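Grab a pencil and open your viewer. Work through each exercise yourself before reading its solution.

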Amino acid sequence: MEALDQIFVSLKQGILNAAAGFLPAWTGPLLSVAISIGAIALLGPVTMMYLTLLERKVVGRMQNRIGPNRVGKWGVLQPLADGVKMLTKEDIVPARADRLLHLLAPLLIVMPALLVFAVIPFGKHMTAVDLSVGVLYFLAISSTTTIAIFTAAWASRNKYSLLGGMRAAAQMISYEIPMVLSAVPILLASQSLSTHAIVEAQGGFHGLQWFIFTPWGFVAFIIFFLCGVAECNRSPFDLPEAESEIIAGFHTEYSGMKFALFYMAEFMNSFTLSGLATTLFLGGWQGPFLPSWVWFFGKTYALIFIMLWFRGTLPRFRVDQMMNLAWKLLLPLSLVNVIVTGFWFFVNPPLAIGGSIAILWLSGWILVRLNQSYLPEKRTYQFAD
Amino acid sequence: MMYFGEGVVKGMMVTLKAFVASYFKGPEDGGLFTVEYPEQRLPEKENFRNFPFLIYDNTPDNLRCVACDICAKECPPKCIYIVREFDKDNKPLKRPAVFNIDHTVCMNCGICEEACPFDAIYMDHNFEIASAERNENLLFRKDKLLKSNEYFHKIRPTDATAIDERRAAAEAKKKAAEAAAAQKAAAAQAAPKPAAPGTTTPPAAEPPKTV
């Protein structure tokens, strides 16, 4: 079990040991870094490729279709066929576009998506870089995606692109705030920003003492996950690329591999955000019996399934609805949630559980009532007839 | 009263049910009803008709078509092209030398089938004619159009049986008429002074010219 748990760690160690035999000593750390980077650079695109297939399969099944099943058994080679198609397509740049930025944007958008993989703890001792500010690093890097999206929108010189870019900027800035605030209770509880330490803090009770099992953790998880879905522009928050309204939003003027890079960034973001949600709330790689990385990937893919489930079910928000949800509901609720977390840690258990559930329920109810739009009563004219 | 988010949960349950049913249930219980075409097929309907074919009895030489050109004249998009066959003495034969149907032009109306007085041309079930080349592969010549009566029985048994019965009845009637005529002729020969035009009918009046 232990060997299976540490199989990837021992694999890397084995390669390093083998290389130490014929390479000079100073290359050791460099090789270690290169192996980590190589693993991530392989994992990211492969994950993206198979997420496209998974999405098409799952959404298809939800819509009573079969989904791709022609290329290989169960369509497993479909992503490769799509990749070949994307690479051989013509790369079209609009005549009056800013050529440099038009080229730069798809490259810029993939970079943060790959960079954040560095702090995701894929398993026990399987964090590429255990930064002491891991969560902060993740949130900071992933929020730079906005810049790349707006660059793409601006460089395309297209009204629809620009509209999409504006929407993306508005949406990302709005959802960044409740997202960060909903992560604060976890940082309070684990007293660390390091993803590794956060996972370690959820290790009690045979690795099942996850933060989601507390009232504040549950609320924070829901807020964080909704904001995460909005952050990576997935349905029902896919306003920046709303087909029915603004063609394809910020990637209207992109084709071929550049377009594929946008998709790659989107899917890798949804993977890393699910990974971070798993790390913060679902105990990361903690769990009984199975190897740690199986737990991590299982939980992450469960969250990704929920994202696909949203995609298969929910229609797109209107812009004002999306803004209202972020600013009028999620933001105040996450602020209340931070206070409730403090309450939880300074009060004795029975009162803490009941009290925090009561406060959260009450504040949630009040916020929902306040958010209800005013519907005037239907007027009846007494003497009309 | 609806709780906040109740509608979303209801909708999510609908899609989840469809997702689970797609793996574990049959098409009757809400599962997948897709027929994966090249491997799986729906049973062909007997009344399905597209693209005409020429019918022959027993051997391909014995085709029913007499090259009367009615179908070619009736065909609305004019996709049928017929050339009559002549023998060595340049006498016209009751069979086509060339019979082409251009499937790129044919619109599957079935008028040729209705117009044919010789039960020679019928609508087929052949819908898989897709081809990468349209001139040679979609112009169906006589050898490609000829199909046996057994094939016709296989694809449209009800129609084929009715037509065969009708043809058999007509054949029997013709035979009976011939027999009666022969008998009459024999009787006339036996009797003195036979009527001159009794056995052979006078040449039919000129058929109305179709323009």
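This is a predicted model: local features need pLDDT of at least 70, side-chain atom pairs count only at pLDDT 80 or more; totals for chains, interfaces and linings use all residues.

Residues are numbered from 1 along each chain as its sequence is written, with chains lettered from A and ligands numbered from 1 in the order in which they are written.

**Exercise 1.** Work out how helix 5 and helix 13 of chain A pack.

Start by finding helix 5 at residues 99-115 and helix 13 at residues 256-281 of chain A; helices are DSSP runs of H or I, at least four residues, and strands are runs of E, at least two, numbered from the N terminus. Next, take the geometry: an angle of about 20 degrees, and axes 9 Å apart. Axes here are lines fitted to C-alpha atoms, for helices over the stretch in contact, with angles from 0 to 180 degrees between N-to-C directions. Helix 5 and helix 13 of chain A are therefore roughly parallel (angles under 35 degrees; over 145 is roughly antiparallel, 65 to 115 roughly perpendicular, the rest oblique).

Now list who touches whom, counting residues as in contact if their C-beta atoms, placed from the backbone, lie within 7 Å. From helix 5 of chain A come A:P106, A:I109, A:V110, A:A113 and A:L114, and their partners in helix 13 of chain A include A:F262, A:M268 and A:T272. Sorted by class, the residues of this contact are 10 nonpolar, 2 polar and 1 charged (Ala, Val, Leu, Ile, Met, Phe, Trp, Tyr, Cys and Pro are nonpolar; Asp, Glu, Lys and Arg charged; the others, Gly among them, polar).

**Exercise 2.** Which helix of chain A gives domain 1 the largest share of its side touching domain 2?

First get the bounds: domain 1 of chain A is 7-88 and domain 2 is 91-368, taken from an automatic or database domain assignment. Then count the contact, with 20 residues of domain 1 of chain A against 19 of domain 2. Helix 3 of chain A has the largest share on the domain 1 side, 15 residues. By class, that side has 14 nonpolar, 5 polar and 1 charged residues.

**Exercise 3.** Describe the contact between chains A and B.

Each chain's share comes first: 11 residues from chain B and 11 from chain A. Chain B's side then splits into 7 nonpolar, 4 polar and no charged residues.

**Exercise 4.** What is the strand order in the open sheet of chain B?

The 3 strands run 2-3-5, with antiparallel pairing (two strands pair if DSSP finds at least two bridges between them). At the edges sit strand 2 (80-86) and strand 5 (139-140) of chain B.

Key: Two residues are in contact if their C-beta atoms, placed from the backbone, lie within 7 Å.
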